[in-house]
2 protein chains.
Amino acid sequence: MKNKIATLKDIADKLGLSISTVSRAISDHPDISEQTKSRVMKLVKRLDYQPNQLAINLLNQQSNSIGVIVPSIAYYLYASAISGIEQEAEKHGLKLIICQTNESVQRESEIINELLRMRVAGIIVSVSSGGRDFTHFKRIVKRFPLVFFNRDCSVNASKVMINNHKAAYDLTQHLVETGKRHISFLAGPKTLQISNKRKKGYLDCLEDFGIETQKEWVCHSPFSQISAMNIVDTLIRKYPEIDALIAFSDQLAMGALKAIKKYQKSIPDDIAIAGFNNEPADELLEPPLTSIEQPAFEMGRKAAELLFNQIHQTGKYNEQVVLNSRLIIRRSTWQETTKPER
Amino acid sequence: MKNKIATLKDIADKLGLSISTVSRAISDHPDISEQTKSRVMKLVKRLDYQPNQLAINLLNQQSNSIGVIVPSIAYYLYASAISGIEQEAEKHGLKLIICQTNESVQRESEIINELLRMRVAGIIVSVSSGGRDFTHFKRIVKRFPLVFFNRDCSVNASKVMINNHKAAYDLTQHLVETGKRHISFLAGPKTLQISNKRKKGYLDCLEDFGIETQKEWVCHSPFSQISAMNIVDTLIRKYPEIDALIAFSDQLAMGALKAIKKYQKSIPDDIAIAGFNNEPADELLEPPLTSIEQPAFEMGRKAAELLFNQIHQTGKYNEQVVLNSRLIIRRSTWQETTKPER
DNA sequence: AACCTTACCGCAAACGTTTGCGGTATTTTC
DNA sequence: GAAAATACCGCAAACGTTTGCGGTAAGGTT
């Protein structure tokens, strides 16, 4: 196990050559004779020589990688987005360093420092919901390539987002049009800006349609099915008049679903339910879940594109991209009444 | 954007000190006067000095990180396992370099080389299903810390697995006990060993109970709902006598569910269905899906533990750990007949 | 015979950090 | 007042690689 990996010096000594000659032989430099090259390459194979990337990185002053900071890779959206980032990064020969904050701003701040120390070429981040202090981002914008995606914060930087306000507005309008008049909103943490934007879209829509709502019908939940379940449980017991619920995410919607199923309410007639993200299981749920489809892969890909523009000095530090989402209507909000079997 | 990050030399020059003094001041060395320390620290703050990890890594001959190779972080099991690895790695002050193979052995082999070049302290891997060539692993076992988890291959190395044979056996037995006699098996790729082990458990159980099966009832599918759906569609049309189906994973089971729902078959009476992994959506599906719960987090944590034992020379290179799985029975395989409301 | 070209290879610097060792003042001790 | 102890700091090596430049020998040209 102690076996150290061979270095250029090891090869050079064994062959009676200099380090530079070995280096050039490996990189097929024209200055080196074919005979020497073959001698070197034979030993390279035999010793399983692997160049020390640490030395190369130090020389190049960069780690040929970019940092990706997400709340959790277990969220379906981020797993998809990372694939998009990866695809784009590969074109530039860069590797990804994936970091999870677990929704903690402190961890986020630490990660930023670690990535800076590692001399990554740039950072792509979806901010955690754990707080309102964004000094760790403000510190580096304008002097370091940085792109936000999906979740942003009040920092003037490059961003790739979906139109959260419109998505929530459209979803709310859909519920209104199906006859719902007591619509509640299960938001994420209060510190999460995109949650607030969606809330705004929901409220604006209700106002436009002259529909009243109550402050108590807007609840905030952390990102776990259990929390959502408990919150919705108390909500619908306290306010039985509620006939629709929009959840910040599908995971929260699933928690709500669990709560509602405990009572004898029928979905969507008694209470309709919808979420965000269009996760793979949505259409298999009972009832299939209405959701907002987000272009997660494309969001990641585009974010990487903006980052590389910054790295290569060809792009602004505060470019804004807004991608379109899509409302996917399923039976949790809308039942075909003309269906023969009902 | 061109702003280079400050170095020790920058600080030393500005203060008329030597590099070594600045270095010691920052690390609070007793040889340095308090006055000098405070002068240095003030400048460190002002310049937002971040030590160059690339240089430190080169000096220490390691990148203070371990490599984690998984087929895809989008698989629920791996997202969980990575959290377990992370928890353990943090204790040792090591970072994770997460790599996805997308089920390609060639990519896997490339990643191994990249990680060796980066001088990671060790590698934790769940092998891809893309082939049978494992020379890239054989090459490094015994001379480099390496641990397999969840998916292994025919290489004598440390492994953390679940008892796949028993899990499949138990699941099959459960179906037999509920009266099923025509049980099919939707396996993963033929090159995937754990899939073959599960298949063996399924076949052994049927043999023990004297139940016949047909070769055609065992199908192989890649890891996508769509593929599973198409395969199961043709399967149940060709063999309508099939009254149960075990899928290699819950995602494949969901694909099967989609296929079955297109026909007028009732679940579980006409055909029962079960999967592996116990994913979060399982209990919300219609019907809720019977599944094998795997200790994914613990699998990751334990794998990391074995790795650190190897790194610190306190452990064998081929320790074997088998964790227990648990059968979670839901309505997709078993309907309480005495239920009052039915 | 003097010069030029070509082919091949080595020297040494550079990247930024840590750390053993030696050095120089200043203070303390008897 | 001399010796010893203390406080504080700098020199230089080391990690492994790439690369500009210089060097040497052989062969070719005039």
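The exercises below go through a predicted model.

**Exercise 1. Find the order of the strands in the open sheet of chain A, and name its edge strands.**

Solution. Begin with the order: the 6 strands of this open sheet line up as 2-1-3-4-5-11 in chain A, with parallel pairing. Next, look for strands that pair on one side only; these are strand 2 (95–100) and strand 11 (320–323) of chain A, the edge strands. From one strand to the next, the twist averages 15°.

Now zoom in on one pair. Strand 4 (residues 146–149) and strand 5 (residues 158–162) of chain A run parallel and are joined by 3 bridges. Within this pair, F149(A) has V160(A) of strand 5 of chain A as its bridge partner.

Finally, see what lies on the sheet. Helix 6 (residues 105–117) of chain A packs there and touches strand 1 (65–70), strand 2 and strand 3 (123–125) of chain A. The direction of helix 6 of chain A makes about 180° with that of strand 1 of chain A.

**Exercise 2. Describe how helix 5 and helix 12 of chain B pack.**

Solution. Two values are needed here, since packed helices are described by the angle between their axes and the distance between the axes. For helix 5 (residues 76–91) and helix 12 (residues 296–311) of chain B, the angle is about 40° and the axes are 7 Å apart. Helix 5 of chain B is therefore oblique to helix 12 of chain B. The crossing of the two helices in chain B is right-handed.

Then list who takes part. On the side of helix 5 of chain B, the contact includes L77(B), I82(B), G84(B) and E88(B). Helix 12 of chain B contributes residues including F297(B), M299(B), R301(B) and A304(B). By class, the residues of this contact of helix 5 with helix 12 of chain B are 10 nonpolar, 5 polar and 4 charged.

**Exercise 3. Work out which parts of chain B touch chain A.**

Solution. Start with the totals: 40 residues of chain B contact 40 residues of chain A. On the chain B side, the elements giving two or more residues are helix 4, helix 5, strand 2 (95–100), helix 6 (105–117) and helix 11 (250–261) of chain B. Helix 4 of chain B gives the largest share, 5 residues. Sorting the side of chain B that touches chain A by class gives 22 nonpolar, 11 polar and 7 charged residues.

**Exercise 4. Which residues are closest to DNA strand C, and which to DNA strand D?**

Solution. Take DNA strand C to begin with: 25 residues surround it, and the closest are S20(A), T21(A), L8(B), S20(B) and A55(B). The surface near DNA strand C has 12 nonpolar, 10 polar and 3 charged residues.

Then turn to DNA strand D, which 25 residues surround; L8(A), S20(A), A55(A), S20(B) and T21(B) are the closest. Two or more residues of that surface come from each of helix 1 (8–15), helix 2 and helix 4 of chain A, and helix 2 and helix 4 of chain B.

**Exercise 5. Is the peptide bond from I267(A) to P268(A) cis or trans?**

Solution. Check omega: its value is near 5°, and the bond from I267(A) to P268(A) is cis. P268(A) sits in the loop between helix 11 (250–261) and strand 9 (272–276) of chain A. In chain B, a cis peptide bond joins I267(B) and P268(B), with omega about 5°.

Notes. Residues numbered from 1 in each chain as written. Chains lettered and ligands numbered in written order. Predicted model: local features only at pLDDT ≥ 70, side-chain atom pairs only at ≥ 80, totals over all residues. Axes fitted to C-alpha atoms, helices over the stretch in contact; angles between N-to-C directions. Helix = DSSP H or I, 4+ residues; strand = E, 2+ residues; numbered from the N terminus. Parallel < 35°, antiparallel > 145°, perpendicular 65-115°, else oblique. Left-handed = near helix turned anticlockwise from the far one by under 90°. Contact = placed C-beta atoms within 7 Å. Nonpolar A, V, L, I, M, F, W, Y, C, P; charged D, E, K, R; others polar. Pairing = 2+ DSSP bridges. Near = placed C-beta within 6 Å.
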